[in-house]
Amino acid sequence: MCSKYRHIILFPLIAAALFSLLMLPGCGKKEKETPLYEIIDGRIVYNDPSASGDEDVIFAGSPAMEGVGYTAEESGSMDFSAVNEGLAYSSDESYNSLSSDSSGKIDLLKLKLSGACAAVRDIYRAADKGSSLNVTLSSADIASMISACGTAGYPAADSRGDFNMQGYGLMHEFGQTLSLSNGDISETYFIVYPDGHLSGFMLSRESGIWHLYSASAAWNDDGTERIYSEGRYAVGEVRYTEKGWLIYSRDTSDFDENQKANTDSYVMVRVLPYDSEMRTLCKRYVEPVGYFENNLFTTDWNEGNMGPIDFNSLYAYVFGLYNGTDMLSSYNVRNYYKAVQGTKLYLIPEDIFENNTTVYFNIDRAALKNISDYSSQLGGYLFLGYNRDYYNVTPRTPFPEVVDYSYNSDGTITLTVDAVNNWYGTDRAFRHTLVVRPTDGVSFRYVSNTLQQDPNNIIPPMKLSEMLNVELTKTTFG
């Protein structure tokens with residue numbers, strides 16, 4: 001994906017394992033039970049106590065965790081009623097039901113997570129972590145960690161969606177298998193975060209019921225890892241799309257209204273590789289504007305009719321494109337422009353607004369004034385920046401993904417773009433066709449946009465347009 005998919009980080013749970021060595025009369029200490037799961041010759045194997053013969057190899061991974069294992073007795077003795085930072089976690093099925101799980105899946109997941117950590121340990125240790133307490137690794141180091149995981153047999157992606165999943169074959173096979181039967185099935189993937197921490201997520205269907213097992217690992221100062229959270233969570237549905245998106249829903253039935261309004265119900269993970277040219281085109285032409293509080297890509301317009309475009313709202317992004325900075329918002333606008341007294345509006349001087357906008361749009365200045373909120377008395381365009389106070393819920397905004405493109409003989413580029421929306425769990429909330437024209441090799445102009453009509457389209461609203469109208473009523477300037 002060209003923008004950052006938002007992978008949901010599940011709430012942490014610290015598990016305290018209670019191990020006991022039982023004494024048998026006349027026999028001294030009891031011999032340690034054969035582990036349910038352990039790594040032998042680089043393979044995670046399941047030792048079925050009721051079976052005879054060789055172990056059942058269920059995963060071929062890194063040999064770095066040789067000899068590590070969890071026994072059935074140890075798994076059954078684990079106490080998962082631990083308290084993390086003073087917060088007791090419910091064992092209710094709709095939230096975290098790890099304490100009632102006897103499958104041993106969390107043990108297997110932790111083994112895999114340890115193996116993934118072993119695969120990237122040297123990379124993390126050698127990475128430049130800077131002097132800040134909040135470590136942020138370079139993109140190159142994150143890419144190397146993902147690649148190392150994939151090579152070792154652990155499907156891995158980054159939390160921001162900047163890189164393709166590595167070692168994705170297992171996950172792709174898992175996705176394709178979902179619709180073939182209702183039998184038991186499970187698979188695991190890993191996420192590498194900007195600070196180098198790793199999380200493992202195992203989706204498992206047992207007797208027709210889906211659960212998500214999760215475990216996360218952080219790095220100690222000496223470069224060794226520690227698993228600091230684990231859990232099992234109810235999952236409503238699991239889907240795999242033609243484009244290679246794994247989509248699953250979390251159960252939020254016991255959330256209060258505020259939690260439901262601010263929590264994405266779906267997790268979306270791109271499994272299949274995203275074409276590098278599509279990614280580049282998306283980052284260059286679509287992602288800098290996106291779909292938040294502007295209608296550039298959600299309305300039909302062309303160079304002969306730009307009336308539908310809300311240029312006052314769009315200026316937040318034109319400003320960022322032109323100056324190579326963050327978008328303009330209510331938090332930084334005061335650093336650049338003057339406020340309109342008695343309102344939350346700011347005034348963008350006429351020459352600045354028009355000079356910046358006409359770089360990216362072939363529009364006459366008089367026409368721009370005519371279709372925008374322009375004040376001849378003040379000599380500028382009125383602007384209202386995004387402010388969190390305007391929302392009582394998290395904005396349910398999709399992100400763009402270019403799915404097709406063509407370089408045209410007239411020098412333009414046609415992009416077919418799907419809006420991916422985590423909130424609704426869809427990799428195509430709507431589709432639009434965008435045409436751009438590169439100009440001097442550095443800049444470009446937007447030429448046209450066409451929204452593909454579909455009764456199932458989910459178009460994001462523009463709350464700022466409503467707020468702008470409210471603020472305009474507070475001033476008599478026209």
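Me: Which residue of β20 is the bridge partner of Y374?
Reply: In this predicted model, Y374 has Y381 as its bridge partner in β20.

Me: What makes β19 and β20 a pair?
Reply: Pairing takes at least two bridges between the strands. β19 and β20 (residues 380-383) are joined by 2 bridges, so they count as paired, and they run antiparallel.

Me: Why is one side of β17 and of β19 left without a neighbour in the sheet?
Reply: The sheet is an open one of 4 strands, ordered β17-β18-β20-β19 with antiparallel pairing. β17 (338-339) and β19 (374-375) stand at its edges, and each has a single partner strand, so one side of each has no neighbour there.

Me: Which helix lies across β18, β19 and β20?
Reply: That's α8 (residues 350-360), running at about 70° to β18 (346-349).

Me: How do you know that the buried residues of α4 line one face of the helix?
Reply: In α4 (residues 169-177), M171, F174 and G175 are buried, meaning under 20% relative accessible area. Looking down the axis of α4, they fall within an arc of 95°, so they line one face. The buried residues pack against β10, β11, β12, β13 and β14.

Me: What makes F361 stand out in the largest nonpolar core?
Reply: This core has 58 residues, and F361 is among those with the most contacts inside it, along with V286 and Y446. Helix α7 (residues 311-323) gives the most to this core, with 8 residues. Leaving out residues up to four places away in sequence, F361 touches L296, W301, M306, I309, F311, L314, V318, R445 and Y446.

Definitions and conventions
Residues numbered from 1 in each chain as written. Predicted model: local features only at pLDDT ≥ 70, side-chain atom pairs only at ≥ 80, totals over all residues. Heavy atoms only, no water. Buried < 20%, exposed > 50% of the residue type's maximum accessible area, 1.4 Å probe, protein only. Arc of directions from axis to C-beta. Contact = heavy atoms within 4.5 Å. Core = buried A, V, L, I, M, F, W, Y, C linked by side-chain atoms within 4.5 Å. Axes fitted to C-alpha atoms, helices over the stretch in contact; angles between N-to-C directions.
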